[in-house]
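Hello,

Here is the structure for you to look through. My notes on its aromatic rings follow below.

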Amino acid sequence: MRMPGIIERYHRFLPIEPKFIVTLQEGNTPLLPAPRLARSIFGEGGAQRTAPLLYLKLEGLNPTGSFKDRGMTYAVSKALEEGSDSLICASTGNTSASAAAYGARAGMKVSILIPKGKIAKGKLAQAMIYGANIVAIRGNFDQALLIVREIQKMKLATVVNSVNPYRLEGQKTAAFEICEQLGTVPTYHALPVGNAGNITATWRGYREWLAGRSDLTLPKMLGFEAAGAAPIVLGRIVKSPETVASAIRIGNPASWKGALAARDESGGLIDKVSDREILEAYRSIARWEGYFCEPASAASVAGIKKYAKKNLFKAGDVIVCTLTGHGLKDPDTAICVSKPPLVVSPEIEKIRKVLKL
């Protein structure tokens, strides 16, 4: 059975002439109950109805392995509708992969600026294999985005970063799916925050989906930056952001104001988590629930663990954590933080001994 992409599924929210739709059948990602992870965070009652219920929104199961596909399908479709034949973006990785894939699908020229040496190999490989023109600059993401925006002013290409309003329109559909999958609304929704478009878009999605519904309460939005790249928390631009979570290594978020609005309007919060906390959550998600996400994704779970210790959550709360990208985006980090394989002779007794069988 053919699965429609998000534009077709939510056409009343994403208007466009059908002939211009560029889709890889994105969206419809699982909302995975996480009882074992919940137990590790909240204690033995963590998987019970009397304790907070934890769900993981697996956005890494979109076609190119990240949530970016939701916004990209709409941004590229609208660019095509408006007569553009060329796309451009700055990227720490996931946007480049998504733009290159959807540009290839549409038959459009794609140009990508990346910070040299600051992009995970899995993401760079995607952009390369899709045939994009890639330029690595001796600088950071924020500098790359400034250049990209100048190129758009010259009307040489359509920018498909989250400064493109259609990107956020597509990304808001994650909130629609969560409401459908739960049959209700979460109490809290936690997300990693880098360029801040996702928390902005998801909050917009909840507000639109629940417009006119007085019987349901909007969720509190919880955003978590990496401690080494936390401009919103610090209240100032971070000129040289650093974190193991490359997807959120951003010092001047394009959707800064939108993230603050999501926080304030929902009664939520934006805080930072350390690389140590991110990597601890990264391993916990894989080992407790069998899902492999990229490090930046784990910032959402790291934030929940941090605030569980502060007793923010109560019995019966429904908590959704967005996991923004798949772990194969950044295999080097997984290898670095995991035990290496054991090496032994091909003898059954020796193998049984090291495996303790």
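A search of the whole structure, which is a predicted model, finds ten aromatic pairs.

Start with Phe-176 and Trp-209. Their ring centres are 4.9 Å apart and their planes meet at 25 degrees, so this pair is stacked; planes under 30 degrees apart count that way. The pair links distant parts of the chain, 33 residues apart. Phe-176 belongs to helix α8 (residues 173-182), and Trp-209 to helix α9 (residues 197-209).

Next come Tyr-282 and Phe-292. Here the ring centres lie 6.4 Å apart with the planes at 45 degrees, so the pair is tilted. Tyr-282 sits in helix α12 (residues 275-289) and Phe-292 in the loop between α12 and α13 (299-308), so the pair ties together parts that are ten residues apart in sequence. Tyr-282 is buried, with a relative accessible area of 5%. Phe-292 has 28% relative accessibility and counts as partly exposed.

Last, a charge over a ring: Lys-310 lies over the face of Tyr-307, 4.5 Å from the ring centre.

Regards

How values were computed. Residues numbered from 1 in each chain as written. Predicted model: local features only at pLDDT ≥ 70, side-chain atom pairs only at ≥ 80, totals over all residues. Heavy atoms only, no water. Phe/Tyr/Trp six-rings, centres within 6.5 Å; stacked < 30°, edge-to-face > 60°. Helix = DSSP H or I, 4+ residues; strand = E, 2+ residues; numbered from the N terminus. Buried < 20%, exposed > 50% of the residue type's maximum accessible area, 1.4 Å probe, protein only. Lys NZ or Arg CZ within 6 Å of the ring centre and 35° of its normal.
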